[in-house]
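Here are some notes for a colleague who is opening this structure for the first time. Please read them with the sequence and the structure side by side.

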Amino acid sequence: MLGKIFSSFSAKKDIAGLDVGSSCVKVAIFSNEKSGKKLKTWGHIPYSVPANAQPDERKALISEEISKFFKKMGIQTKYVASSVSGNSVIVRYVKLPKMTKKELDLAIKVEAEPFIPFDVNDIYLSYHILNDSVQEEGQQKMEVVIVAAKKEVVNEKIDIITGAGLEPAIIDVDSFALENLYSKLPGAEKGKSVLLVNMGNKTTNLSIIHPGTVSTPENPIAKDAPFNPYSRVVRDIFISGASLDRSLSKILSVTPEQAQEFKKGIRLLINDEEKLEAIKNYDKQLIVSSKAAITIFKDMASEISRSIDFYLSQGMDHSISRIYLSGGLSATPNLCAYLSGEFKIPVELMNPFSAAGETPKNMPADIIPSMAVACGLGLRELRDWQ
Ligand SMILES: Nc1ncnc2c1ncn2[C@@H]1O[C@H](COP(=O)(O)OP(=O)(O)OP(=O)(O)O)[C@@H](O)[C@H]1O
Ligand SMILES: [Mg+2]
């Protein structure tokens, strides 16, 4: 399933997945080999923008970092796939009167308007038909996913890309890039609904993936059955890395920038042994920082629960079998164990490179999960772009 908002792509070969986040840019370029996709180049480019920088200055600074990286690595391709997320992007799953694709192309603005909290003139609108024949209240309807993104956020990405001397082939949605990545993960289980949580700096993307066909004890999924998972709940929340920076900066009386660095060294104390050990060592910083982090992750867990309840209330499956974490903040030690204790289901870190060969040996372990969106973008197939 594709959440393409903007596309100017004509069949060119190499596409760079370019995730321009609020704290760093991630790049993933894959080549098409006979044996499948293979990672060609990757990049993790942290940048810092002065707090008082004007929007144009900010864009120019990020473009320059990207351009420098492409030059340094000798990257030939000019075509990039990037994505947007946050409160200027809305994804809605709706039922509309049954009509042909042609009719919907003409009617989409009018049909989408009641579901979109923005002026339709200020947005790029895109849609995808999930099911063209459902019955509701005796009427023939169709299930459609509508994606609306404010033009200003899409244009900002386009400006950054063109400012770096590159061409935006497609602007996607973070959660759809993650869905694409999940569909290629070797560990993905057919027949099971899963939840993806991408914990970034400003935004955390939540998405619940329906497996296409649900496996039940009465109807188990055949091993060779096709695997076409697709998102059914897509929601962004704003409990993320920066929330923890703010909390730590208050508790430790340091600047948010210092807190951001400090955060990379913290760990969650999740059992009595670990807590006692920290008390025995008089490690006050560890104790207070773990407490602050657990408060943030508890808030995040209650938002995740709301999304799970919403999904299950629609009757598409009766459980979520696993949670996959990605994004920079997910590198926090003990986080998987903590969330697994909260939800009583397995929680694991996503390794985006497992979808295409080996993880680069020179990549620091805590960077791996933050590469998920870039990999999901870079791993799109050619047919996805048209
Ligand atoms: N080892 C680590 N442990 C905990 N947090 C970390 C670690 N490394 C990075 N982070 C945090 O992860 C966040 C960056 O993650 P990511 O690169 O996924 O975000 P982003 O894409 O820039 O942000 P967004 O998607 O919200 O715009 C920052 O808040 C950063 O401080
Ligand atoms: Mg991000």
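Predicted model: local features only at pLDDT ≥ 70, side-chain atom pairs only at ≥ 80, totals over all residues.

1. Residues are numbered from 1 along each chain as its sequence is written, chains are lettered from A and ligands numbered from 1 in the order in which they are written, and side-chain values use heavy atoms, with hydrogens and water left out.

2. The chain is assigned domain 1 (1-91 + 149-185 + 352-386) and domain 2 (187-349), with bounds that come from an automatic or database domain assignment. Their C-alpha centres are 23 Å apart, and 20 residues of domain 1 are in contact with 28 residues of domain 2, contact meaning heavy atoms within 4.5 Å.

3. Between domain 1 and domain 2 about 1800 Å² is buried, and carbon and sulfur atoms give 64% of this area. Ser175, Tyr182 and Pro369 supply 33% of what domain 1 buries against domain 2, more than any other three residues; buried area is the accessible area (1.4 Å probe) that two parts lose on being put together, summed over both.

4. Ligand 1 lies between the domains, because domain 1 and domain 2 both give residues to its shell. That shell holds 21 residues, and the closest are Ser22, Ser23, Lys26, Asn201 and Lys202, where a residue is near if one of its heavy atoms lies within 4 Å.

5. A backbone N or O atom of Ser22 lies 2.7 Å from an oxygen atom of ligand 1, and for a backbone N or O atom of Cys24 the distance to an oxygen atom of the ligand is 3.3 Å.

Key: Polar contact = N/O pair within 3.5 Å; in protein donor to acceptor, adjacent residues only side chain to side chain.
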